[in-house]
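Reader: I would like to go through some labels attached to a model and ask what stands behind each of them.

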Amino acid sequence: RSHVFVYMDTPLATPRNIQICEVTCDSFRIMWDMTPEDTARATHFFIDLSRKESRDPNRFKHRDVPTKLVAKAVPLPMAVRGHWFLSPRTEYCVAVQTAVRQPDGDYLVSEWSQVVDFCTGDYAMEHLQQLLDKAKVSAGRLLKFSVFYRNQHPDYFHHVRNECGGVMRPALKDSSGSHGSPINGKLHGVFLSCNTEFDTGLPPKDSPYGPLRFQIPAGHLLNPNISLYFADFYCMYTAYHYVVLVLAPVGSEGDGFCRPRLPMLDLASNPFLTYTAPERPGEEPLFSHASDVILEVLYTEPLHLDQGTVEQISGHHQLMSLTTANAKKDPSCKVCNISVGR
């Protein structure tokens, strides 16, 4: 007995060789090396998790309070989820202690392990499916349209003509929208709009993005040789919501990127953007877009200005408030957030 008693008071070894695995957007598994004696007697693990501090000293964001979790000792690796609202694609630091709860309720604890950094993942397909289900509720009825368009300033089109051989090249998607969308910072594309004014069926006269508009017939980009994917649903503290869709030619690099990561939509029947094949030879296909959300369509291939037209638009273009570059999603909106991290 005395042997056991001495063994209870021996200091616990510092946990070593921390390993993080099976990281998702809101969970991870953690394991470390423990001595056989500590494994036999540890009753609890203490886990200290905090967001990694930004390198930028000028950010006056309140510091996330480091969170300590007390967990009953379980065989390692231990799954960590739910106790924290982990955010996707966020860098965290984690350290662990092992502990033995004493009869008087106090803990005998090891030293803290070294601190290990890791980054949470993107939304998985199941999370995007939840987001897609929410987006479907907001889409509204389908309206006909005939062109995709992109508004920009004269400098942009000047650059495309003179420096890029008339080709609008795919650019890397920024980090606007949901933090966990798998396309953010990873997929290249050319952003286009297709929303129309409900009274005219034509693109709006105004644009926040500039007074020149590139227009291309809808069938050039929306046809049976195209894969259509759902990528995001978000708002930015506004009443209206954005849906991000990806159009990628079948078999292209963009298609290969999206297929394992994004929900694919049926071209002929989905609530956002549809292609209806002609019923008889000589007839035109029909194209429709959702009326109650703002669609942002990312086309993954280069577009030549010669495939469409560039013209001045008639409105005042004074709508700067609508631009969405790197804009953050409203984390409190009940319409477009899902239960996993923001």
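Author: What follows is a set of questions and answers on a predicted model.

Reader: Why is Cys194 called buried?

Author: Its relative accessible area is 0%. The label requires a value under 20%, so Cys194 is buried.

Reader: What makes Cys21 partly exposed?

Author: The relative accessible area of Cys21 is 25%. Partly exposed covers the range between the 20% limit for buried and the 50% limit for exposed, so Cys21 is partly exposed.

Reader: How many disulfides does a search of the whole structure find?

Author: The search finds 0. To count, a pair of cysteine sulfur atoms would have to lie within 2.5 Å.

Reader: Why do strands E12 and E13 count as paired?

Author: Two strands pair if there are at least two bridges between them. E12 (residues 171-172) and E13 (residues 188-192) have 2 bridges, so they pair, in the antiparallel sense. Ala171 has Gly189 in E13 as its bridge partner. E13 also pairs with strand E20 (residues 294-299), again antiparallel, over 3 bridges.

Reader: What is the omega of the peptide bond that joins Leu76 and Pro77?

Author: Omega is about 0 degrees, and the bond is cis. Pro77 sits in the loop between strand E4 (67-72) and strand E5 (78-81). Most peptide bonds are trans.

Reader: What sets Asn17 and Arg89 apart in their phi values?

Author: Most residues other than glycine have a negative phi. Asn17 has a positive phi of about 55 degrees, and for Arg89 phi is positive too, near 50 degrees. Asn17 belongs to strand E1 (residues 16-21), whereas Arg89 lies in the loop between E5 and strand E6 (91-101).

Reader: How do you know that Asn17 and Arg89 are partly exposed?

Author: The label applies between 20% and 50%. Asn17 has 37% relative accessibility, so it counts as partly exposed. Arg89, with a relative accessible area of 24%, is partly exposed as well.

Note on methods. Residues are numbered from 1 along each chain as its sequence is written. This is a predicted model: local features need pLDDT of at least 70, side-chain atom pairs count only at pLDDT 80 or more; totals for chains, interfaces and linings use all residues. Side-chain values use heavy atoms; hydrogens and water are left out. Helices (H or I, at least four residues) and strands (E, at least two) are DSSP runs, numbered from the N terminus. Buried means under 20% relative accessible area, exposed over 50%, partly exposed in between (1.4 Å probe, protein chains only).
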